[in-house]
Amino acid sequence: GETNGVFQLESQGMQKVLRELRPTNFEDIVAVNALYRPGPMEFIPTYIERKHKKKEIPHLHPDLTSILEKTYGVLVYQEQIMQIVHKMAGFTYGEADILRRAVSKKDKTLLMENKQKFINGSLKNGYHNQTAEEVFDWIVRFSNYGFNRSHAVAYSVIAYQLAYLKANYPVAFFIEMLSMHMGNTEKTQIYLREAKNRNIAVLPPSINHSIGKFKAENGSIRIGLNVIKGIGFQAVQTILDVRKNQRFKNLFDFCLRVPLQKINRTIIESLILAGAFDELHDNRATLLASLDEAMEQGELFREFDDQIHFFEGDLALDVSYTETDPYPIMKQLMMEKEVIGFFVSTHPLAQVRDKIRKYGYVSIEQANQLKQK
């Protein structure tokens, strides 16, 4: 049931079905893809109970066993209709397809014509009239539910491939899911939470290590700079282009090397509040207090652009931070969430979560799952 990000299988309802079904083969995935729609959903409990041998599988006739055994006697696919009428009444597959379309479109005139043809063909092939009537009525009742098996198989192949990648290459899987849903805070939090539950470390945005999107870094997930609000593609690309030659040494070095016309104060503030400079200086309040001085030095040295190559890195800069008290942890976290959309460095409940659980409180997601049960 851990199918977040798996094509066709990621809704909460589908996850609940998969936990109850416990698929053991590819056919289970195909069937659940076909059944999980308005109408045929009512047959899902029957399919599950028969699969786990909690209910007997009824047989309208032994000749239909080979057609229905894969779906535990539940009529799931339109193709099964075609196989049944071919087997019992000798319909060609062209004729069977006409009947299938009549059933799908509820064409009563065409249905009655085909019913008589089906019964006559069944009698000719040695079946009892009552059996033929029962089977045809069963097919008509199915008319609201039939799904094209070939579509269900195609969907299920993609679902299986994604599930395989998620199970065997989770870091790569989560990175692509997170990058695809960048900007969707709810989806991002779901995938990050699941990654953490799999003991995959989630690393904060970094001015020296992040790229635009999420990326793998030593078996961990590094958050990309594009996640930070107000930082567009062009700004990120500018930072990456400047960084190609050499990593940034400190905030002053950053302000010297990036074009401040493109990377303005608002962008740098957001980078600081998101924790992107934490590896260079771990006090975000100090970084913000020093930002004006860093930008002024950057502009000053930029005026002597032709002479910068004579200086050697920090020797050209007066790296003197305006030291201030760090922000209280809650204030820092709320500012972090403001620019990223979610908490990264820690969580307001991190220190008390175990105590809360001891008192019986659960997450909203867990509460919803319990409610569904």
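Of the 373 residues of the chain, 43% count as buried, where buried means under 20% relative accessible area, exposed means over 50%, and partly exposed lies in between (1.4 Å probe, protein chains only). This is a predicted model, in which local features need pLDDT of at least 70 and side-chain atom pairs count only at pLDDT 80 or more, while totals for chains, interfaces and linings use all residues. Residues are numbered from 1 along each chain as its sequence is written, and side-chain values use heavy atoms, with hydrogens and water left out.

**Overall make-up**

- The chain has 18 helices and three strands, where helices (H or I, at least four residues) and strands (E, at least two) are DSSP runs, numbered from the N terminus.
- Among contacts in the chain between residues at least 6 apart in sequence, 59% join residues at least 24 apart, a contact being a case of heavy atoms within 4.5 Å.

**Helix 2 with helix 9**

- Two packed helices are described by the angle between their axes and the distance between the axes.
- For helix 2 (residues 26-35) and helix 9 (residues 149-168), the axes come within 8 Å and cross at roughly 120°; axes are lines fitted to C-alpha atoms, for helices over the stretch in contact, and angles run from 0 to 180 degrees between N-to-C directions.
- That angle makes helix 2 oblique to helix 9, since angles under 35 degrees count as roughly parallel, over 145 as roughly antiparallel, 65 to 115 as roughly perpendicular and the rest as oblique.
- On the helix 2 side, Phe26, Glu27, Ile29, Val30, Asn33 and Ala34 take part in the contact, and they meet Arg149, Ala152, Val153, Tyr155, Ser156, Val157 and Tyr160 in helix 9.
- The residues of this contact between helix 2 and helix 9 divide into nine nonpolar, two polar and two charged; here Ala, Val, Leu, Ile, Met, Phe, Trp, Tyr, Cys and Pro count as nonpolar, Asp, Glu, Lys and Arg as charged, and the others, Gly among them, as polar.
- Ser150, which is placed in helix 9, is partly exposed with a relative accessible area of 43%.
- Although Ser150 and Tyr77 are 73 residues apart in sequence, they are 9.0 Å apart in space, C-alpha to C-alpha.

**Helix 1 with helix 3**

- The axes of helix 1 and helix 3 (residues 44-51) come within 10 Å and cross at roughly 20°, which makes helix 1 roughly parallel to helix 3.
- Helix 1 passes helix 3 in a crossing that is right-handed.
- In this contact, Val17, Glu20 and Leu21 in helix 1 meet Ile44, Tyr47, Ile48 and Lys51 in helix 3, and by class the contact of helix 1 with helix 3 has five nonpolar, no polar and two charged residues.

**Salt bridges**

- The structure holds 21 salt bridges, each being a side-chain nitrogen of Lys or Arg within 4 Å of a carboxyl oxygen of Asp or Glu.
- Glu20 is joined to Lys16 by a salt bridge of 2.9 Å, N to O, and both residues lie in helix 1 (residues 12-21), four residues apart, about one turn of the helix.
- Glu20 counts as partly exposed at 37% relative accessibility, and Lys16 is partly exposed with a relative accessible area of 24%.
- A salt bridge of 3.3 Å, N to O, joins the side chains of Lys115 and Glu133; Lys115 lies in helix 7 (residues 108-124) and Glu133 in helix 8 (residues 129-141), so the pair ties together parts that are 18 residues apart in sequence.
- Lys115 counts as buried at 18% relative accessibility, whereas Glu133 counts as partly exposed at 26%.
- In the salt bridge between Arg284 and Asp278, the closest N and O atoms are 2.7 Å apart; Arg284 is buried, with a relative accessible area of 3%, while Asp278 is partly exposed at 26%.
- Asp97, Arg100 and Arg101 are linked in a network of salt bridges.

**Positive phi in loops**

- Arg22 is not a glycine, yet it has a positive phi of about 50°, and its place is in the loop between helix 1 and helix 2.
- Tyr72, also not a glycine, has a positive phi of about 55°; Tyr72 is found in the loop between helix 4 (65-68) and helix 5 (78-89), and at 15% relative accessibility Tyr72 counts as buried.

Methods. Left-handed = near helix turned anticlockwise from the far one by under 90°.
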